[in-house]
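Colleague: I would like to go through this model with you and ask what stands behind each label.

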Amino acid sequence: MCIKIRNLTYSYPGAKKEALKNINIDIFDGQLCGVLGRNLTGKSTLCYALTGFIPHFFKGSIKGKVLIDNLDTANLPLHKIVTKAGLVLQNPFNQLSGEKFTVFEEVAFGLENLGVSRNEMIARVKEILRKIKIYDLKDRSLYHLSGGQQQLVSIASVLVMKPNILVLDEPTSQLDPINSKLIFSLVKELNREGITIIIVEHKIEEIVEFADRILLIEDGEILLDESPHEIFKSLKKYENYIKYMRPPCYVELTQKMEEEGLWEKTNGYPITFDQAKKEFEV
Amino acid sequence: MKYRTLFISKDSPIHRLNPLTKLTVLGFIIVSLYTINWIHFPILLFFIIIFPIAFLGRVFKEFFKIILKVGLPLILFVFIFQIIFFTGGEKVIWEFSVVKIKLEAIMFSYLLGSRILVIISSFLIFLLTTNPGHIMNSLISIGFPRTISYVILSTLNIFPYIQSKANSILDAQKSRGLEVEGNIFIKIKSLIPLITPLLFSSISEVEQRALALEVRAFSSPYPKTSILKIKDSLPQKIFRITTLLLCLILIIYKFYLVIF
Ligand SMILES: Nc1ncnc2c1ncn2[C@@H]1O[C@H](COP(=O)(O)OP(=O)(O)O)[C@@H](O)[C@H]1O
Ligand SMILES: [Mg+2]
């Protein structure tokens with residue numbers, strides 16, 4: 001077991017409303033969790049809770065606890081947590097340290113802070129840059145990168161600290177479709193290598209394709225915690241959540257066709273392109 | 001893309017200097033500005049020291065552009081402000097209703113303006129030719145705590161920061177139909193709605209920045225290591241010590257003049 005959240009209720013300092021309400025989640029090693037929900041419903045707050053920034057960075061009132069590898073994050077200092085659970089912030093530009101000039105230097109920043117020796121640092125930075133396929137950018141200025149490259153750099157700069165959990169807060173919200181694809185394929189690959197991933201993402205078609213489970217958040221609460229296939233099995237089921245989350249286009253299409261008698265459902269609606277293709281193959 | 005540093009990566013003798021050497025020269029320039037009373041000293045310093053260094057550092061174009069766009073308007077403002085509001089002085093050389101312009105005021109403003117010019121220029125060249133990581137490491141190496149060093153570095157880079165922020169807010173307001181181009185009055189008017197989002201975004205941005213640092217273990221208790229190697233040499237060390245001694249002599253000399 002990787003992460004356990006028990007009865008977590010949290011409100012920001014001075015806030016009247018609770019940002020998270022009685023959250024209970026177990027996330028297992030190697031899982032890929034998609035987090036969905038409307039704006040300002042607590043997705044980022046959940047990310048902060050998963051990575052120890054609540055309670056170490058954001059104070060306020062906290063009930064319940066978050067365990068990473070059975071250790072209570074409240075008792076682990078942040079510099080220990082970052083080597084277990086890394087957080088990639090929403091806007092890649094905001095994730096830059098502000099004291100570095102090249103990609104290589106920026107990626108090394110976390111290791112410098114952790115006091116890793118220079119030789120080891122160089123080896124680890126090189127390794128991660130090669131893995132993420134941005135090695136040829138290593139001497140480029142951080143301020144002359146595309147949005148997608150910048151996001152890859154911020155992911156690299158977190159991964160270099162070797163966390164086995166990676167939390168990504170809307171990593172593609174600032175990116176165009178091509179760059180988004182780049183990030184998605186990287187996330188998939190990292191997951192295949194065994195890294196547990198929690199990703200906040202609005203692009204539903206992408207997320208249902210590779211997430212083991214979907215957490216739907218509304219107003220600080222977990223409304224839904226199931227596999228994508230389970231969620232979109234029947235209209236009666238996902239109808240209740242349509243206000244908070246759009247179904248994948250393949251579901252919308254086949255559901256309409258079903259209404260018009262053009263298609264018959266056997267085992268739920270197709271949620272990905274491949275599944276849809278299979279449905280229509282004769 | 002947005003900028004957060006003035007640094008221009010090039011290979012030049014100035015780029016290769018140890019940042020502490022450059023900082024020492026910077027300190028010396030400031031000390032000499034305020035201890036040497038000769039009225040033309042700042043301007044002399046500007047043309048004889050600052051200009052050649054900007055050339056040697058291969059950042060002359062950028063240096064000149066920023067001085068022209070930011071430095072000169074600021075200096076002009078200070079200059080005019082000082083001339084008008086200068087109290088004291090006797091030799092009135094021009095009078096217009098309540099405004100009296102005095103010779104002393106002009107001389108004082110000239111001294112102040114040229115000092116500001118030299119200080120801005122020196123900082124500018126330092127920032128243009130020094131990798132921000134090197135600045136950070138040097139500050140830590142002379143005993144500043146990590147957090148304070150970071151704050152100093154960010155403060156030094158306030159210009160590109162404000163510029164990039166202002167640009168993105170201006171763009172946003174332009175797209176909402178606000179007039180920002182035209183004569184000087186339209187430009188000044190367009191600055192007013194700029195200030196509020198600039199202030200507000202800066203406050204929430206402080207939290208964002210702190211978060212970005214903590215995501216990378218910034219406040220870890222371990223001694224910080226460095227990916228960059230800062231080169232130093234014996235001649236540079238000797239030069240620094242001599243310069244610091246010179247600073248000390250200037251300061252003592254100044255006090256001596258004040259007291260006796
Ligand atoms: N740093 C903060 N300080 C105070 N309140 C915050 C902060 N961040 C978010 N909130 C509040 O917490 C609630 C959830 O926000 P957030 O987790 O950012 O939502 P989401 O990421 O889903 O858009 C919102 O009501 C928001 O106003
Ligand atoms: Mg958010």
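Modeller: Start with the elements: helices (H or I, at least four residues) and strands (E, at least two) are DSSP runs, numbered from the N terminus. The model is predicted, so local features need pLDDT of at least 70 and side-chain atom pairs count only at pLDDT 80 or more, while totals for chains, interfaces and linings use all residues. Residues are numbered from 1 along each chain as its sequence is written, chains are lettered from A and ligands numbered from 1 in the order in which they are written, and side-chain values use heavy atoms, with hydrogens and water left out.

Colleague: Where does A:Asn70 lie, and what is particular about its phi?

Modeller: A:Asn70 is in the loop between β4 (61–68) and β5 (71–72) of chain A. Its phi is near 65 degrees, which is positive although the residue is not glycine.

Colleague: Which peptide bond is cis?

Modeller: The bond between A:Ile54 and A:Pro55, with omega about 15 degrees. A:Pro55 belongs to helix α2 (residues 53–56) of chain A.

Colleague: Why are α7(A) and α8(A) called roughly parallel?

Modeller: Angles under 35 degrees count as roughly parallel, over 145 as roughly antiparallel, 65 to 115 as roughly perpendicular and the rest as oblique. Helix α7 (residues 147–159) and helix α8 (residues 177–192) of chain A pack at about 20 degrees, with axes 9 Å apart, so roughly parallel is the label for them. Axes here are lines fitted to C-alpha atoms, for helices over the stretch in contact, and angles run from 0 to 180 degrees between N-to-C directions.

Colleague: What makes the contact of α7(A) with α8(A)?

Modeller: Contact means heavy atoms within 4.5 Å. Among the residues involved are A:Leu152 and A:Ile155 of α7(A) and A:Leu182 and A:Leu186 of α8(A). They divide into 7 nonpolar, 3 polar and no charged (Ala, Val, Leu, Ile, Met, Phe, Trp, Tyr, Cys and Pro are nonpolar, Asp, Glu, Lys and Arg charged, and the others, Gly among them, polar).

Colleague: How do α6(B) and α7(B) cross?

Modeller: Helix α6 (residues 132–141) and helix α7 (residues 146–156) of chain B cross at roughly 140 degrees, their axes coming within 9 Å, and are therefore oblique too. The contact includes B:Ile135 and B:Leu139 of α6(B) and B:Tyr150 and B:Leu153 of α7(B). By class it has 8 nonpolar, 1 polar and 1 charged residues.

Colleague: What makes A:Glu112 and A:Lys100 a salt bridge?

Modeller: The term asks for a side-chain nitrogen of Lys or Arg within 4 Å of a carboxyl oxygen of Asp or Glu. The closest N and O atoms of this pair are 2.8 Å apart, so the pair qualifies. A:Glu112 is in helix α5 (residues 103–113) of chain A and A:Lys100 in the loop between α4 (92–95) and α5, so parts 12 residues apart in sequence are tied together.

Colleague: Which salt bridge joins A:Glu112 to chain B?

Modeller: The one with B:Lys224, at 3.3 Å from N to O.
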